[in-house]
Amino acid sequence: MKFKIMSTYQAQRLEMENNLLKLYHVAISSEVLNSNKEEWCSRFNQLVERSGKGMISSNETNIWFLILLLDPRAIHCCPCFNDLGLFDKATLIKHHPSLLEFCNIDDLSPYMVELVLAQPSLLEKFPLHYYDWLKLLIENTSFADKCNCWHEFAAEDWQELLAAHPELSIYYTGNMNHTVEKSIFRQ
């Protein structure tokens, strides 16, 4: 029996490719990724293709995004978390709220409502403005008792909100002192 001796480089490449394949199999069987399997499969296929060309570096954000999605405890080893895009960070936080502590909350403002809907415990962490509250309440009325800005809604906002959820009329004070220009629903 003959044994082939691999160079250190070949051994590292083989180990990386094996790790990518393991990650791929874990990811496609994971419930976290079931909703967007095609997107994740596409990402993995790109990574596998790039690994074959020797184009993957140790701080590859796509790899780290997937690793963190599957195991957020790896955040302490991730050399490129700050290089991830806001959408990827929001996706990670949606699945693992503990990762919020590694982000600038103000940067995530476009995703606040979406994140709170996915993880209600994050409501206390975000400085929601009246327009965020309006979007949140239209999506889910269970946050109504926590809203502190009913008085800031414009007449058009109230019309939209009450058309979608008449039960919220108990919060309507009849004091619509804001102009329609303030409404987020004005086109």
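**Exercise 1.** In which helix is the place of T91? Work out also whether T91 is buried or exposed.

*Solution.* This is a predicted model, where local features need pLDDT of at least 70, side-chain atom pairs count only at pLDDT 80 or more, and totals for chains, interfaces and linings use all residues. Residues are numbered from 1 along each chain as its sequence is written, and side-chain values use heavy atoms, leaving out hydrogens and water.

- Start with the position: T91 sits in helix α4, residues 86-95. Helices here are DSSP runs of H or I with at least four residues, numbered from the N terminus.
- Next, accessibility: T91 has a relative accessible area of 10%. Buried means under 20%, exposed over 50%, and partly exposed in between, with a 1.4 Å probe and protein chains only. T91 is therefore buried.
- Finally, its partners: leaving out residues up to four places away in sequence, T91 touches F65 and L69. Contact means heavy atoms within 4.5 Å.

**Exercise 2.** Find what the side chain of Q119 reaches.

*Solution.* 

- Locate Q119 in the loop between α5 (112-118) and α6 (130-139).
- Follow the side chain of Q119 to the backbone oxygen of K94, at 2.9 Å.

**Exercise 3.** Describe how α6 packs.

*Solution.* 

- List the buried residues of α6: Y130, D132, W133, L134, L136 and L137.
- See what they pack against: α5 and α7 (155-164).
- Zoom in on L137, whose contacts beyond four places in sequence include F143, W150 and L161.

Terms used: Helices (H or I, at least four residues) and strands (E, at least two) are DSSP runs, numbered from the N terminus. A polar contact is a pair of N or O atoms within 3.5 Å; within protein, one must be able to donate a hydrogen and the other to accept it, and residues adjacent in sequence count only if both atoms are side-chain atoms.
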